[in-house]
Amino acid sequence: MCKKSHHMRIGIIGTGLLGNAVGLHILKSGHELTVYNRTKSKTAELERGGAVVVDSAKQVAEKSEIIFVVVKNADAVRKVAFGESCISCGGRDGMVVADMSTINPIDSKEIASEFQKKGITYLGTPVMGGPNVAITGQLVMMVDGDRGTYERYRSIFETVASKVFYLGESGTAHAIKLAMNLQIAMLALALSEGITLARSASIDPKTFLEILNSTYFKTGMSETKAYKMIDGSFEPTFTLRNLKKDLDTINEAAKAFGIKLPMSTKANEVYQKAVDEGFGDIDYTGILKYLMESARE
Ligand SMILES: NC(=O)c1ccc[n+]([C@@H]2O[C@H](COP(=O)([O-])OP(=O)(O)OC[C@H]3O[C@@H](n4cnc5c(N)ncnc54)[C@H](OP(=O)(O)O)[C@@H]3O)[C@@H](O)[C@H]2O)c1
């Protein structure tokens with residue numbers, strides 16, 4: 001069932017795997033939705049669901065009080081925010097931009113302050129969970145930036161996500177999001193290497209999972225997605241290429257913070273090789289497929 005929040009004029013820029021699902025749920029919740037995506041064909045499902053499709057980020061800004069940006073990386077956020085026919089080209093004082101893209105907290109801070117100069121409030125609103133949970137408003141959202149703005153728009157955040165954590169100053173939400181995606185990258189690798197090891201010893205990986213899931217070391221991933229992995233099903237909900245992009249961001253952030261994250265550095269090399277060898281467009285759990293195919297080299 002959809003949660004109640006007063007009727008709003010909402011925009012989405014970026015209707016890839018995540019933005020599309022968030023948009024469908026916003027429409028189901030009874031809000032007015034305007035969308036823009038660089039590749040227009042990816043707005044078709046939202047248009048059928050009642051969204052207004054426009055030709056630029058500027059036009060989304062003209063029609064919306066709050067805009068969710070759900071694009072690949074910080075470069076893409078800057079492009080739709082400040083480039084040609086951009087959000088700030090069509091924005092007004094008091095407009096709100098909620099950035100769901102996974103980006104470096106340092107970029108997030110800079111983008112927030114650039115928007116502030118133009119009278120637009122930017123909140124970092126990265127999420128955990130993919131399209132399969134976004135479609136029913138079950139994401140987990142981390143929010144940073146101006147608290148008053150967060151409170152004013154809380155109902156829409158609580159429509160999009162079943163759990164919302166307000167964290168404080170700009171950059172904090174994206175920093176935690178990177179720490180979260182570090183978990184995803186490592187868990188997918190740990191499961192994949194475990195499955196590969198079990199298989200190499202002629203053990204049915206289901207037995208490995210059954211035992212793992214009887215222990216303290218089980219995870220949501222080992223209890224659900226792992227069964228798709230061992231069946232060789234890697235239909236993307238979050239692409240391996242995008243997780244690799246997040247590992248780049250994690251490593252860049254670590255460098256900027258003056259710390260070493262040795263496992264993230266190593267994981268980045270493994271995911272990079274998988275992308276180079278053509279596994280980028282399948283689900284991130286396809287790291288298993290890459291490892292299986294390269295294990296005996
Ligand atoms: N999928 C998930 O489970 C998930 C969960 C949490 C967070 N996220 C984050 O959410 C963001 C979107 O992820 P996704 O899974 O929806 O990825 P996706 O399916 O690959 O979609 C990427 C989106 O970014 C747009 N884009 C890329 N480069 C652009 C540019 N230079 N200018 C304008 N638009 C650009 C794409 O437009 P085109 O269609 O024109 O290429 C598309 O709308 C990423 O930051 C991702 O890390 C994803």
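How many residues does H14 have, and how far does H14 reach from its first C-alpha to its last? H14 has 18 residues and reaches 25 Å between those two atoms, close to the 26 Å expected at 1.5 Å a residue. The expected span of a helix is 1.5 Å times one less than its number of residues.

## Basis of the model

This is a predicted model, in which local features need pLDDT of at least 70, side-chain atom pairs count only at pLDDT 80 or more, and totals for chains, interfaces and linings use all residues. Residues are numbered from 1 along each chain as its sequence is written. Helices (H or I, at least four residues) and strands (E, at least two) are DSSP runs, numbered from the N terminus.

## Two domains

The domain assignment divides the protein chain into domain 1 (9-169) and domain 2 (175-294). Domain bounds come from an automatic or database domain assignment. Between the C-alpha centres of domain 1 and domain 2 the distance is 27 Å. The contact between them takes 15 residues from domain 1 and 15 residues from domain 2; two residues are in contact if their C-beta atoms, placed from the backbone, lie within 7 Å.

On the side of domain 1 that touches domain 2, the elements giving two or more residues are H6 and helix H7 (131-134). By class, that side of domain 1 has 9 nonpolar, 5 polar and 1 charged residues. Ala, Val, Leu, Ile, Met, Phe, Trp, Tyr, Cys and Pro count as nonpolar, Asp, Glu, Lys and Arg as charged, and the others, Gly among them, as polar.

## The ligand shell

The ligand is surrounded by 28 residues, of which the closest are Gly 16, Arg 38, Thr 39, Gly 130 and Phe 238. A residue is near a molecule if its C-beta atom, placed from the backbone, lies within 6 Å of it. Helix H1 (17-28), H4 and H14 are the elements that give two or more residues to this shell. H4 provides the largest share, 4 residues. The shell has 10 nonpolar, 12 polar and 6 charged residues. Domain 1 and domain 2 both give residues to the shell around the ligand, so the ligand lies between them.

Gly 16 sits in the loop between strand E1 (9-13) and H1. With 18 other C-beta atoms within 10 Å, Gly 16 is partly exposed. A residue is buried if 20 or more other C-beta atoms lie within 10 Å of its own, exposed if 12 or fewer, and partly exposed in between, with C-beta atoms placed from the backbone. Leaving aside neighbours within four places in sequence, Gly 16 is in contact with Lys 42 and Val 70. Gly 16 and Lys 42 are 26 residues apart in sequence, and their C-alpha atoms are 6.7 Å apart in space.

## Helices H6 and H14

Helix H6 (residues 105-117) has 13 residues and reaches 19 Å from its first C-alpha to its last, close to the 18 Å expected. Its buried residues are Pro 105, Asp 107, Ser 108, Lys 109, Ile 111, Ala 112 and Phe 115. Among the elements that cover them are helix H4 (74-82), strand E5 (96-99), helix H10 (172-200) and helix H14 (240-257). Just after H6, Gly 119 takes a positive phi of about 80°.

The buried residues of H14 include Leu 240, Asn 242, Lys 244, Asp 246 and Ala 253. The buried residues of H14 pack against H6, H10, helix H15 (262-279) and helix H16 (287-294). Gly 258, which follows H14, has a positive phi near 75°.

## Helix H11

In helix H11 (residues 205-212), the buried residues are Pro 205, Phe 208, Leu 209 and Leu 212. Seen down the axis of H11, these fall within an arc of 95°, so they line one face of the helix. The arc is that of the directions from the helix axis to the C-beta atoms. Thr 207 and Glu 210 are exposed residues on the face of H11 turned away from its buried side. The cover over the buried residues of H11 includes H10, helix H12 (220-223) and helix H13 (225-230).

## Two serines with positive phi

Most residues other than glycine have a negative phi. Ser 85 is not a glycine, yet has a positive phi of about 45°. Ser 85 is in the loop between H4 and H5 and is partly exposed, with 16 other C-beta atoms within 10 Å.

Ser 202, also not a glycine, has a positive phi of about 60°. Ser 202 lies in the loop between H10 and H11. Ser 202 counts as exposed, with 6 C-beta neighbours inside 10 Å.
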